[in-house]
Amino acid sequence: MNWILLVIAGLFEVGFATCLGMAREASGNARTAWLAGFLVCLTLSMLLLYRAVQGLPVGTAYAVWTGIGAAGTAVLGIVLFKEPATAWRLFFLFTLVASLVGLKVVS
């Protein structure tokens with residue numbers, strides 16, 4: 001159950017980073033809505049991370065949480081914000097995801 005909470009926490013981390021990017025490009029009420037989404041995602045991500053570390057080593061949990069956030073945000077950056085999808089960038093995203101799977105396997 002702790003691993004599921006951790007993955008969901010990581011997805012909310014992707015959410016709060018994405019909300020920041022969307023708020024940067026918005027104005028007026030739309031910017032306010034994206035910033036509200038940021039605060040909701042940030043709060044949920046932190047609460048779920050806190051719950052997950054009750055049963056997982058904090059170093060492993062934090063590494064997986066930040067890895068999910070980094071990989072997910074990079075992928076959404078490519079899709080939503082038209083960031084470059086170079087071969088090297090995709091290669092290192094793959095190695096990051098493989099490392100996260102490796103942490104799960106050895107934990």
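Guide: Helices themselves are DSSP runs (H or I, at least four residues), numbered from the N terminus. This is a predicted model, so local features need pLDDT of at least 70 and side-chain atom pairs count only at pLDDT 80 or more, while totals for chains, interfaces and linings use all residues. Residues are numbered from 1 along each chain as its sequence is written, and side-chain values use heavy atoms, leaving out hydrogens and water.

Now, α1 and α3: their axes come within 8 Å and cross at roughly 40 degrees. That makes α1 oblique to α3 (under 35 degrees is roughly parallel, over 145 roughly antiparallel, 65 to 115 roughly perpendicular, and the rest oblique). On the α1 side, the contact (heavy atoms within 4.5 Å) includes W3, L6 and F16, and on the α3 side W65, I68 and L76 are among the residues. By type, the residues of this contact split into 14 nonpolar, seven polar and one charged (Ala, Val, Leu, Ile, Met, Phe, Trp, Tyr, Cys and Pro are nonpolar; Asp, Glu, Lys and Arg charged; the others, Gly among them, polar).

With α2 (residues 28-52), α1 (residues 2-25) packs at about 160 degrees, axes 8 Å apart, and the two are therefore roughly antiparallel. Their contact has 19 nonpolar, four polar and four charged residues. In α2, F38, C41, S45, L48, L49 and A52 are buried (under 20% relative accessible area, 1.4 Å probe, protein chains only; exposed is over 50%, partly exposed in between). What covers those buried residues includes α1 and α3 (58-80).

Notes. Axes fitted to C-alpha atoms, helices over the stretch in contact; angles between N-to-C directions.
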